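Please prepare a short briefing on the structure shown below, covering its chain contacts, sheets, helix packing and DNA surfaces.

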Number of protein chains: 2
Amino acid sequence: MYSKERQKLIYRRLEADGQVVANELAAEFDVSEDSIRRDLREMAAAQQCERVYGGALKLDRSTPMRDRQNIDVAAKQLLAQAVVKGFSAGMSIFIDASSTNLEVVRALPSGLDLTIFTNAPSIAAILADDVDTNVILIGGRLTPGVGACVDSRAVQDATLINPDLYVMGVCGLSDSLEVTAEDHDDAVFKRIIAERASQIVLPVTKSKLGRRHRYTVLPVNEKIRLIAANTEQSKLEAYLNCGCEIEIVSDA
Amino acid sequence: MYSKERQKLIYRRLEADGQVVANELAAEFDVSEDSIRRDLREMAAAQQCERVYGGALKLDRSTPMRDRQNIDVAAKQLLAQAVVKGFSAGMSIFIDASSTNLEVVRALPSGLDLTIFTNAPSIAAILADDVDTNVILIGGRLTPGVGACVDSRAVQDATLINPDLYVMGVCGLSDSLEVTAEDHDDAVFKRIIAERASQIVLPVTKSKLGRRHRYTVLPVNEKIRLIAANTEQSKLEAYLNCGCEIEIVSDA
DNA sequence: GTCATATGCATGTTTATGACTGTTTATTCA
DNA sequence: TGAATAAACAGTCATAAACATGCATATGAC
């Protein structure tokens, strides 16, 4: 029995049961727990499971936004503060769907007379009563899981706007220095806005670093300002070479 | 059982019940109360719950509802129940902005496979994670005070849809037997949807009766099904003559 | 043979947990 | 009102299990 084979079986078990226990697997496959742990470590690195003390859990790929909202809120608020600091009066800004961006619009100071473009109803809903913000909503079919309109209708409208700034909801920032997304249409839409915007802000929590999803939005480039929360400088060295600006915020 | 897994389950319980009790959880998971308290402490630190003496509460991180959204909630929920009772599988329904309609979408039963059209981000935001509901968002400039897109862009898109049902957010129902609205563009938009829809549902709280605003949407007619909360039959006699269907719901 | 990989074992470290301490809190009853 | 009381609390410690890591061995391909 080879380890790859074993990992496939573990993955099946995860899909079926939602969780696996390390010592049970060791007994079942008649290998040491160390080997099982090695498997789980590799699988976790390949985004096939979530490691926990004692075993592993099935990776919930489509965590609904309402759950994601409540993870790591402190870091997201920290990022939000840093993001809005870059806003100045009269700017037009595209803000798409992400739990971090919810905090961004909540942290929006009043009196800036901004024009906010968005394809995410959750973002627009927060701004609905904000009289001195001009909100332009991109419509279309709402894609569940993304929480925004990214269909052909939305794309059509997206090609008509030219925001000064794009606050991108980041799904993952891969080690190959690319911004990645889980949903195809979402990736396409993001790419269009990214091309049209004068500048791009990427607020990222630590968990987004090194995560590669199925679709690439764009490579990290000079147009991007990266804001990372609670991250070591060393982990970001690679991105500096892409020419992007980097800021680190920390609550410590 | 792992602490991570346990915390996820606790979080689910919180979402479902709104609160958890420490010693009950300890008994349920067969761990000491200390462990449960540790879990709750961690979850509170991650903004996943609010700690209280004896357990924890679900964290309400919805935007503070403004003004009218908090008044007469019981009546609105009553109306919402009556409205969704008229929904059947596969229907396409337009739901516009109103505090009553927020309750309507919250009361939406699952598994109906509906198509919901809306020009209100607050409505769409609630439905964003609902996988078996197809949400089509009408975009455009968001009109503050209305909380929906009612500009020329929105009107353009509105003329392309043909909903089976229109759940209208009612501003006022005048004694001259007309549906009225405060905002001009909102009134125009409502009239367009009302013309295109096969049927119209008008949920009204008592305070809406006899109220006339600046703009008339349309006269009460045969296409309209009026649902009134906590209202005397006598007050509605006049509307019956318009040929509309009338239902009275009451919590008494 | 060499090389790459997989495995088991020994190592020191980290983690989750229950038990114990004293303190804080809500409630009960005078 | 205020004192009495039991429950819930935070913090510390001990312990056993799980952990990462380095190293030696085994297996199979070339």
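Is the crossing of α4(B) and α5(B) left-handed or right-handed? The crossing of α4(B) and α5(B) is right-handed, where a crossing counts as left-handed if the near helix is turned anticlockwise from the far one by less than a right angle, and as right-handed if clockwise. This is a predicted model, in which local features need pLDDT of at least 70, side-chain atom pairs count only at pLDDT 80 or more, and totals for chains, interfaces and linings use all residues. Residues are numbered from 1 along each chain as its sequence is written, while chains are lettered from A and ligands numbered from 1 in the order in which they are written. Helices (H or I, at least four residues) and strands (E, at least two) are DSSP runs, numbered from the N terminus.

**Helix pairs**

- Two packed helices are described by the angle between their axes and the distance between the axes.
- In chain B, helix α4 (residues 73-85) packs against helix α5 (residues 99-106) at an angle of about 55 degrees, and their axes are 8 Å apart; axes are lines fitted to C-alpha atoms, for helices over the stretch in contact, and angles run from 0 to 180 degrees between N-to-C directions.
- That angle makes α4(B) oblique to α5(B); angles under 35 degrees count as roughly parallel, over 145 as roughly antiparallel, 65 to 115 as roughly perpendicular and the rest as oblique.
- From α4(B), Lys76(B), Gln77(B), Leu79(B), Ala80(B), Val83(B) and Val84(B) meet Ser99(B), Thr100(B), Glu103(B) and Val104(B) of α5(B); two residues are in contact if their C-beta atoms, placed from the backbone, lie within 7 Å.
- By class, this contact of α4(B) with α5(B) holds 5 nonpolar, 3 polar and 2 charged residues; Ala, Val, Leu, Ile, Met, Phe, Trp, Tyr, Cys and Pro count as nonpolar, Asp, Glu, Lys and Arg as charged, and the others, Gly among them, as polar.
- In chain A, α5(A) and helix α6 (residues 99-106) pack at an angle of about 55 degrees with axes 8 Å apart, and α5(A) and α6(A) are therefore oblique to each other.
- The crossing of α5(A) and α6(A) is right-handed.
- The residues of α6(A) that α5(A) meets include Glu103(A), Val104(A) and Arg106(A), and the contact of α5(A) with α6(A) divides into 5 nonpolar, 3 polar and 3 charged residues.

**Contact between chains A and B**

- 36 residues of chain A are in contact with 31 residues of chain B.
- On the side of chain A that touches chain B, α7(A) gives the most, with 5 residues.
- That side of chain A divides into 21 nonpolar, 9 polar and 6 charged residues.
- β6(A) is joined by 3 bridges to strand β7 (residues 140-143) of chain B, and the two run antiparallel.
- Ile136(A) stands opposite Arg141(B) in β7(B).

**Sheets**

- An open sheet of 9 strands with mixed pairing has the order β8(A)-β7(A)-β6(B)-β5(B)-β4(B)-β9(B)-β12(B)-β14(B)-β15(B); two strands pair if DSSP finds at least two bridges between them.
- Its edge strands are β8 (148-149) of chain A and β15 (245-249) of chain B, each pairing on one side only.
- Within chain B, strand β9 (residues 165-167) pairs with strand β12 (residues 199-204) in the parallel sense over 3 bridges, and Tyr166(B) stands opposite Ile200(B) in β12(B).
- α5(B) packs on this sheet, touching β4 (92-95), β9 and β12 of chain B, and its direction makes about 145 degrees with that of β4(B).
- In chain A, 3 strands form an open antiparallel sheet in the order β10-β11-β13.
- β10 (172-173) and β13 (215-219) of chain A stand at the edges with a single partner strand each, so one side of each is left without a neighbour in the sheet.
- Strand β11 (residues 178-181) of chain A is joined to β13(A) by 4 bridges, and Glu178(A) has Pro219(A) as its bridge partner in β13(A).
- Helix α9 (residues 184-196) of chain A lies across β11 and β13 of chain A, running at about 15 degrees to β13(A).

**DNA surfaces**

- DNA strand C is surrounded by 16 residues, the closest being Ser3(A), Ser32(A), Ser3(B), Ser32(B) and Ser35(B); a residue is near a molecule or strand if its C-beta atom, placed from the backbone, lies within 6 Å of it.
- α3(B) supplies the largest share of the surface near DNA strand C, 3 residues, and this surface divides into 6 nonpolar, 6 polar and 4 charged residues.
- DNA strand D is surrounded by 14 residues, the closest being Ala22(A), Arg37(A), Gly54(A), Ala22(B) and Gly54(B).
- The elements giving two or more residues to the surface near DNA strand D are α2 (22-29) and α3 (33-45) of chain A together with α2 (22-29) and α3 (33-45) of chain B.
- The surface near DNA strand D divides into 4 nonpolar, 4 polar and 6 charged residues.
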